[in-house]
Amino acid sequence: MNTNPDETKLALWLEDELKGEELAAFEQWVAGQPEHHAAREEARRWRSMMAAAVPASEEPPYPEFFNHRVTRAIREEPPVPAVPAKRGFHWQSFFMPLAACAGMVLAFWLGGKNASLTPEIDVAGAPRAIPVEPILYTPEKGVDAEWFTSSKASATVIVLNGVAAIPDATDFSETAFLRELREMDATAGMNPGNQAMEP
Amino acid sequence: MKRRACIIACLAAACACLAPAAEDPGKTEIGKIRVTVYHATDGDPQAAGGKAQPVSKETAERLRREERLRFKHYRLLGSDTQPLLRSYESWAEPLKPSGEVMVRFEAQGQPAGQSAMLDLELWLARKKIIKTDARLQGDRPLFMLGPEWRGGRLIIAVALAPESKPGS
């Protein structure tokens, strides 16, 4: 049989909370436990020190004045206003959406006006003022190209560098596809009647 | 029997009439492109061969006005004019049938007046050397200073070919 008191009773005894028979029974058991007595003395000393430092309760300053103010505030509290009934038709109720719609229409109109002022850039007839520099792609390794416009020659020029030379043995005089002069005249040219085949 | 043959003949005639209308509109010719190859050299112009022709004075002066294209002699090696189609690519082979110089071109849009935007490729020795987009104008060709050959260089000119005059 376990005759030792539990921890709860020990804590209550240390706090001087045990009463009556429980206190007597515990005192009987703790008689031979000097360390518990020392602990209770320590607890008592700690409680007395805390009680000296912190007052058990503190009255608010000027309690009468404070209570008077609270009472008056309660007395003078205005009645809770009734929930306002839903307002009926008002000019603002239609003015705001109308103004929003007008603003939207104005924005669309201005946007359309600006868009019509911007020249459309089509591929065939891009504005002359915008220089259209082409993209040059040279897939062969070691080949690069340089593009520029030549005002002197009235032409666009691409200079290819790093292209493999055509072997001198290649004879274009045998393979050249030159037509007779009569045919050249028939296909016209930029300067009709004068070496019409050349650009 | 006679009526049946007549109906068949009428149907055949109608099909024959409708056939051109059913052609692919993408093959519509919207212009002509002329590709010309010159041999430009500071050396002996006869190196280009006996069939190569001297260029006009105007062309020679025009080329000489640009420093990068300036040579003492120019010879015309070959030329080819091909249609510019609405949807399809075309190939010009100015040195046909060698295939040493070939130009592939395709319209980027409907030519406007004397101006056309092309997707253009230059092929040398059956290898694609350059791909670019070129704007050609009636009086403004594209000159490409190309490979070396026989002491000079080839100049490939791409230009809009004027429409042939009817009856000429």
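**View 1. A:Thr156 and its bridge partner across the two chains.** In this predicted model, A:Thr156 has B:Leu142 of S8(B) as its bridge partner. Helix H2 (residues 57–65) of chain B packs on the sheet and touches strand S1 (29–41), strand S3 (73–85) and S8 of that chain. The direction of helix H2 makes about 95° with that of S3(B). Strand S2 (residues 155–161) of chain A and strand S8 (residues 142–149) of chain B run parallel and are joined by 4 bridges.

**View 2. The sheet built from strands of chains A and B.** The sheet is open and has 7 strands, in the order S1(A)-S2(A)-S8(B)-S9(B)-S1(B)-S3(B)-S2(B). Its pairing is mixed. Strand S1 (144–150) of chain A and strand S2 (53–54) of chain B each have a single partner strand, so one side of each is left without a neighbour in the sheet. Strands of a sheet pair through backbone hydrogen bonds, either parallel or antiparallel.

View 3. B:Arg153 counts as buried because its relative accessibility is 18%, and the cut-off for buried is under 20%. Beyond its neighbours within four places in sequence, B:Arg153 is in contact with residues including A:Leu160 of the other chain and B:Tyr38, B:His39, B:Phe71, B:Leu145 and B:Glu148.

**View 4. B:Arg153 with B:Gly146 and B:Thr41.** The side chain of B:Arg153 reaches the backbone oxygen of B:Gly146 at 2.8 Å. B:Thr41 is 112 residues away from B:Arg153 along the chain, yet their C-alpha atoms are separated by 6.4 Å.

Conventions:
Residues numbered from 1 in each chain as written. Chains lettered and ligands numbered in written order. Predicted model: local features only at pLDDT ≥ 70, side-chain atom pairs only at ≥ 80, totals over all residues. Heavy atoms only, no water. Pairing = 2+ DSSP bridges. Contact = heavy atoms within 4.5 Å. Axes fitted to C-alpha atoms, helices over the stretch in contact; angles between N-to-C directions. Buried < 20%, exposed > 50% of the residue type's maximum accessible area, 1.4 Å probe, protein only. Polar contact = N/O pair within 3.5 Å; in protein donor to acceptor, adjacent residues only side chain to side chain.
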